[in-house]
Amino acid sequence: MRTKSTGKKKINIVTLGCSKNVYDSEVLMGQLKANGKEVVHEDRGDIVVINTCGFIDNAKEESINTILDYVEAKSRGEVEKVFVTGCLSERYKPDLIKEIPDVDQYFGTRDLPILLKHLGADYKHELVGERLTTTPKHYAYLKISEGCDRPCSFCAIPLMRGGHVSTPIEKLVTETQKLAKAGTKELILIAQDLTYYGLDIYKKRALGDLLKELVKVEGIEWIRLHYAFPSGFPEDVLDIIREEPKVCNYIDIPLQHINSELLKSMKRGTSHEKTDALLAKFREKVPDMAIRTTLIVGYPGETEERFHELKDWVKEQKFDRLGCFTYSHEENTSAYVLEDNIPQEVKEARVEEIMELQSQISWEKNQKKVGKVYKCIFDRKEGNYFIGRTEYDSPDVDNTVLVPADDTYISIGEFADVKITSAEEFDLYGVLL
């Protein structure tokens, strides 16, 4: 067994799940650093804090396995304490205490001050915008609101994150200014629902107002929008995307399905016709926009006919970016009363069909980029290539641009113009100009 250190304890933050969790971990790390604590992200530490995800079955399984791994490490004397926070802990705390009692303490999504106290730190209210970013320094997430007021039948996020609460514009501007001073050039706006931003505190949809203030921050060159909701989308945002060079011609808008009956059951507040009209509006107002969406297959009542409607629609719309997931039957959601009547193997086969379709669409779209020049930001060097992205691509989820490193040097985090020389389904190859 390892001898316990008598010196300063190192706190290791482990992050699972989505970019909202990444942001929360960064805030926690910023608070700990301000309290004089030694803190690392997914490295070795005396104390481990696991920020969990509880969204769907696969995420829950990953979170539980990670907790068990660290509990086992604790039993071997490799770590002294294991704390668990985040969505899984918020949703299943009594069950977790019963099933995995060797965790030192469980905390929910709103327990940051209590968690800090257990780590020997005080919550510092004055640290607006102070966080230790875990992403490469040239891009950062900016969470503009917490929680969600939408009633989507399949979604457990309101159970874990509570109702929608917008962060005031002035606080977000302050945070962005601090990020820019630290070297951030690309800002990725995240929330459970960007389009709802401002309704609670300004009594109107204020995403456009926020963007107008953020583009004024010196040093920020790209602003990207993630997780917009289709119902009630504020059209003034489209004008800003079109007219403001700093706002990327890109939007992530999870549409989930297209069959009107399923959308009604999902409580999405829209229909096939309304969705098509919205996408037509996007393309009319911002012809150069890259649209990313995510779909759910295998939702209760998704017949073969309804699935084929979805496939035909994907072929018709030709989304620039698309992800697809199997329906997860989540307790305490309103869809839980429905019969989860589609076998898992059918769900997975449907995902494969959709993604095969999208792969072909992506390949065709990428071929049209050969010979064109794009402004790219470079995230890293991997093997013999520098890996970059265009404004139409978000980190980790979208296409990449690969430039051979043999006789070229590119500074990581810098922009450069690249001429595309060839293309595959999800990668573009090019040379610096």
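User: What describes the packing of helix 6 and helix 7?

Analyst: In this predicted model, helix 6 (residues 169-181) packs on helix 7 at an angle of about 35°. Their axes are 10 Å apart.

User: Which hand does the crossing of helix 6 and helix 7 have?

Analyst: The crossing is right-handed. That label applies because the near helix is turned clockwise from the far one by less than a right angle.

User: Which residues make the contact between helix 6 and helix 7?

Analyst: Helix 6 contributes Ile-169, Leu-172, Val-173 and Thr-176. Helix 7 contributes Asp-209, Leu-210, Glu-213 and Leu-214. They count as a contact because heavy atoms lie within 4.5 Å.

User: How do the residues of that contact divide by class?

Analyst: Five are nonpolar, one is polar and two are charged. Asp and Glu count as charged, so Asp-209 and Glu-213 fall in that class.

User: Why are helix 7 and helix 8 called roughly parallel?

Analyst: The axes of helix 7 (residues 207-214) and helix 8 (residues 236-243) cross at roughly 25°. Angles under 35 degrees count as roughly parallel. Helix 7 and helix 8 are therefore given that name. Their axes come within 8 Å, and the crossing is left-handed.

User: What makes up the contact of helix 7 with helix 8?

Analyst: On helix 7, the residues are Leu-207, Gly-208, Leu-211 and Lys-212. They meet Asp-236, Val-237 and Ile-240 of helix 8. By class, four are nonpolar, one is polar and two are charged.

User: How do you know that domain 2 and domain 3 are in contact?

Analyst: The count shows it: 22 residues of domain 2 are in contact with 25 residues of domain 3. The cut-off for contact is heavy atoms within 4.5 Å.

User: Which residues does UniProt list for "domain: Radical SAM core"?

Analyst: The unreviewed UniProt entry lists residues 134-365. That span is 39% helix and 16% strand. Its end C-alpha atoms lie 32 Å apart.

User: And which for "domain: MTTase N-terminal"?

Analyst: UniProt, again in an unreviewed entry, lists residues 9-124. Over residues 9-124 the chain is 47% helix and 21% strand. The end C-alpha atoms are 20 Å apart.

Terms used. Residues are numbered from 1 along each chain as its sequence is written. This is a predicted model: local features need pLDDT of at least 70, side-chain atom pairs count only at pLDDT 80 or more; totals for chains, interfaces and linings use all residues. Side-chain values use heavy atoms; hydrogens and water are left out. Axes are lines fitted to C-alpha atoms, for helices over the stretch in contact, and angles run from 0 to 180 degrees between N-to-C directions. Helices (H or I, at least four residues) and strands (E, at least two) are DSSP runs, numbered from the N terminus. Angles under 35 degrees count as roughly parallel, over 145 as roughly antiparallel, 65 to 115 as roughly perpendicular and the rest as oblique. UniProt positions are given in the numbering used here, feature names are shortened, and annotations may be inferred rather than shown by experiment.
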